[in-house]
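Subject: Structure for your files

Hello,

Please find the structure below. My notes on what was found in it follow directly.

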Amino acid sequence: QLILIAVLILADCNHKEREIVTLDPVIYCKTVKKLNDVVLENIFSPPVASRNYVYANIAAYEAMVPGDKRFISLSGIIKHMPPMPHPDSTKKYCFPFASLIAFCRVGDKVTFSQEIMADYVAYLEHFADSIGLSSSVIKNSIEFADTIANTIIQWSKGDNYAITRSAPKYTVDLDSAGRWVPTPPAYADAMEPHWGEIRLMIIDSVALNEIKAPKPFNYNMTDKSSPYYKEILRIKNAGDSLTDEQKHIAEFWDDIPFHLNVVGHVMYGTKKFSPPGHWMNISGIASEKEKADFGTTVYAYMVTSVALFDAFICCWHEKYIYNTVRPETVINKYIDQNWLPHIETPPFPEYTCGHSTISAAAAEALTSVYGDNIAYTDSSETEFGIPDRSFTSFREAAKENISARFYGGIHLHSTCKISNMLGTKIGDMVADKLKAAKK
């Protein structure tokens, strides 16, 4: 199937009229999946993974734009984004091919995966040659892709990522009962406590999306009438009586990049897609189902990745303002010391919910491209032994994520609902501003 699709795309590049490219998008989807596999294998945290995807997809988009008159550069739409290089009008290019190469070049740099992505680029080059794409077009397209990729990579260096690598570690406050502390079984350090300082793409400021404070921790857990106690007890009771369907929902949206399995005295880890990787897969499923052309597919991935990126920054900003304790910690200390959530508690504060925030943002992004009545079956988790789930829309999937984190036992239900509203707001703002990229 990949060979057939590649033939269609690359053969079209020899056609004189190539300004509007409407082709099967599967080769781009498969290329994103290649990066997704790299991110999985290297166990990038969810926020960092969103950064990997956004720069690669923007590079692919910018390399595609000169060959598709329906779209314009994001320079100026993303305020701090520099002007992009232009192709030489005297040379012939295959812009879909350049788009694939630009994606791989940037994906390589942001994930340090030289061997894997380089091998895939070599495959694309060899295949382009084998189906008759002229050597000059291949050469010109790669050179153009490289100018785009180098510009994007240089731009990415100003987003504060490098600075946050050496920022101070999170200080655990064991004297405050309502403050986050590491949770079992790994008792890992707080993940990305400075991610709220990363440069946003579209949202002007994290302050624009600040939401109401979480329910105050109830230090007197004997007061069973308090709203906080009732929420905690609701999680425990739900976790103690999950149906098979509820377990499936929790496991389907688990998406923890590295799960630490504990069997007696033996511990071993298993890898899965992180939340942004899951939504990259959904983007591909939607593009294929809608039979989107190449340009629309790249645009859809780009809008979704920008929404995910900005949503993670805003969500993480909130997390480390409030530093709220996880339900597992509270239940173990005050109610049942042996209680465990259905899924592993990730290593960062409870409020706000990352997955509910970014899922809502991604759902709004995809809805802006394909509409709100796209029924689809999500097979993203099949390779991890988790059955598919079907949805009537992207928004329905995002709403199910609210329940998923609650059934998993890692978030208060109110947190997930508020986080969904936050993500919806962010996704809508991103989608609205990026509509300007379409003529």
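Tyr 187 is exposed, with a relative accessible area of 53%; exposed means over 50%, buried under 20% and partly exposed in between, with a 1.4 Å probe and protein chains only. The phi of Tyr 187 is positive, near 50°, in a residue other than glycine. Tyr 187 sits in the loop between α7 and α8. Helices here are DSSP runs of H or I with at least four residues, strands are runs of E with at least two, and both are numbered from the N terminus.

This is a predicted model, in which local features need pLDDT of at least 70 and side-chain atom pairs count only at pLDDT 80 or more, while totals for chains, interfaces and linings use all residues. Residues are numbered from 1 along each chain as its sequence is written, and side-chain values use heavy atoms, with hydrogens and water left out.

The loop between α7 (161–165) and α8 (227–240) also holds Pro 185, which is joined to Pro 184 by a cis peptide bond with omega about 5°. Another cis bond runs from Tyr 351 to Thr 352, with omega near 5°. Thr 352 lies in the loop between α12 (327–334) and α13 (354–370). For context, most peptide bonds are trans, and most residues other than glycine have a negative phi.

Lys 291 has a positive phi as well, near 55°. Its place is in the loop between α10 (275–289) and α11 (294–322), just after α10. Lys 291 is exposed, at 72% relative accessibility.

α10 itself has 15 residues and spans 21 Å from its first C-alpha to its last, close to the expected 21 Å at 1.5 Å a residue; the expected span is 1.5 Å times one less than the number of residues. Of those 15 residues, 13 are buried, so α10 is largely enclosed by the rest of the structure.

On pockets: the search uses a 1 Å grid over the protein atoms alone, and a pocket is an open set of points where a 1.4 Å probe fits, with protein on both sides within 12 Å along at least five of seven lines; lining residues have an atom within 4 Å of a point. Volume is the space filled by probe spheres set on the points, which are joined across faces, edges and corners.

The largest pocket holds about 400 Å³ of space. It is lined by 34 residues, and Met 191, Ile 256, Pro 257, Pro 346 and Pro 347 are the closest to its centre. β1 (258–263), α11 and α13 each give at least two residues to this lining. By class, the lining has 24 nonpolar, 6 polar and 4 charged residues; Ala, Val, Leu, Ile, Met, Phe, Trp, Tyr, Cys and Pro count as nonpolar, Asp, Glu, Lys and Arg as charged, and the others, Gly among them, as polar.

The second largest pocket holds about 320 Å³. Among its 16 lining residues, Cys 29, Lys 33, Asn 281, Ile 285 and Glu 288 are the closest to the centre. α2 (26–41) and α10 each supply at least two of the lining residues, and the classes are 6 nonpolar, 6 polar and 4 charged.

Cys 29 is buried, at 7% relative accessible area. A disulfide is a pair of cysteine sulfur atoms within 2.5 Å, and the whole structure has 0 of them. Cys 314 is likewise in no disulfide, with the nearest cysteine sulfur, that of Cys 315, 8.8 Å away. Cys 314 is buried, at 2% relative accessibility.

Regards
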